[in-house]
Amino acid sequence: MFDVITYIEHLPNELWFEYFEYLDGYDILMSFRNLNRRINDIINNTQLHINLSILSKSMFDRLLNRFIPYISKTQIILLKLSNKNNCEQISLFNSIINIKKFINLQTLILHDIKFYELDEWLYSLLELKSLKSLTIVVKTRKCFNQKDKNIGEKLNHILFNNYFTELKYLQLDGFEIDHENVLHDVMNECNLEYLILDKCQFNYLLLILNHLPKIKYLKIKSLTGRLFRSPHVTKNFVSCLIHLQLDDCTSIWFSQLEYLFKYIPYLKYLTFTSFNSHFINGAEWERLLRQYFPNLKNFSLHIQATDNKPFDIEKLSCPFKSSYFIDEKQWYFTFGTGQYIIFHLLSIYSIPYQDKTYKLDNNLLKSLKTNEPFLT
């Protein structure tokens, strides 16, 4: 019997390709490139996911100068850049590499990008015809001047006029999307299926729903503005939308929600967060949900409110104990009350709690009440 020694270089090409699927492009290039001609050929035919946001400045410079200029840009299908920790990755990358050559890029993530950098990237993005997922997180949380607002308008015009026919996922963070900026610009239907917006005016939400016939998932982190009835707002049922998450809905009202709800009758998952005591109304929630969402499977509610007088927790919690919530839907809610200086505090949230994190305030959660039968 002879011992057979197998080296990693002896593995068949199929196993190499499968192995590389589990590695980031940086690890592939730094660990395996230039080992031998065969491995180089395999790497040259591998689709690469390049996440530069996790690299130190020295590692980023090394990859950017030694490897990326010499590989085929058509191999890269995912690219993530970040200006976190002041390493200015996005500007450096753009000054050395021509993003237009990434013709097979499917996912692009730009974190902490500055407005002037975003302006430099905008029209280069138009060349990325294979793009399916785009995430843009602007470092500045608000538009501070007219130039920044103009950049936001250009971005709206590009993204919502269906220049990216393959784009399915879009996340925009760090600036407000408002009604006036795009009212006359958005003309074409988009193929977006997943949309996440940071701050959005209510009218803009109604407007874009007209142009998102394939939208399945919509999340807005801060919904503001009053209802303005005009011929531009949505008039069509949005038949594909099944998951809606509305966070920080402090400056809107039930009447606006009802106006929205009647156009999304196929919703199955609804998440709603507000700091407005107006929404601590179980009877009104039951009416809206019964009337507009017969197929709703999950309703997640989280409301925090303050007042200069104590909340009547028994009165407020009673409508949430109806047969509709308890027996028919089996949706349960917990109420917490407390006091901070002269203000009385109230928190209501669905259980089991849906979010990944929860900030526990000792002043708020002095008492807990739930509409679960075995706890009341």
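A residue is called buried when its relative accessible area is under 20%, exposed when that area is over 50%, and partly exposed in between. Keep that in mind as we look at some charged residues in this predicted model. Side chains of opposite charge can pair when their charged atoms come close. Here, the structure holds eight salt bridges, and three of them are described below.

**A bridge between two loops**

- Glu88 and Lys114 join their side chains in a salt bridge, with an N to O distance of 3.2 Å.
- This pair links distant parts of the chain, 26 residues apart. Glu88 sits in the loop between strand 2 (76–82) and helix 5 (89–96), while Lys114 sits in the loop between strand 3 (107–113) and helix 6 (115–125).
- Glu88 has a relative accessibility of 22%, so it counts as partly exposed.
- Lys114 is partly exposed too, because its relative accessible area is 24%.

- The side chains of Arg287 and Glu258 form a salt bridge at 2.9 Å, N to O. Arg287 belongs to helix 11 (residues 282–292) and Glu258 to helix 10 (residues 254–261), so this pair ties together parts that are 29 residues apart in sequence.
- Arg287 also has a salt bridge with Glu284, whose closest N and O atoms are 2.8 Å apart. Both of these residues lie in helix 11, three residues apart, which is about one turn of the helix.
- Through shared partners, the salt bridges join Glu258, Glu284 and Arg287 into one network.
- Arg287 is partly exposed, at 32% relative accessible area, and Glu258 is partly exposed at 21%.

Technical notes. Residues are numbered from 1 along each chain as its sequence is written. This is a predicted model: local features need pLDDT of at least 70, side-chain atom pairs count only at pLDDT 80 or more; totals for chains, interfaces and linings use all residues. Side-chain values use heavy atoms; hydrogens and water are left out. A salt bridge is a side-chain nitrogen of Lys or Arg within 4 Å of a carboxyl oxygen of Asp or Glu. Helices (H or I, at least four residues) and strands (E, at least two) are DSSP runs, numbered from the N terminus. Buried means under 20% relative accessible area, exposed over 50%, partly exposed in between (1.4 Å probe, protein chains only).
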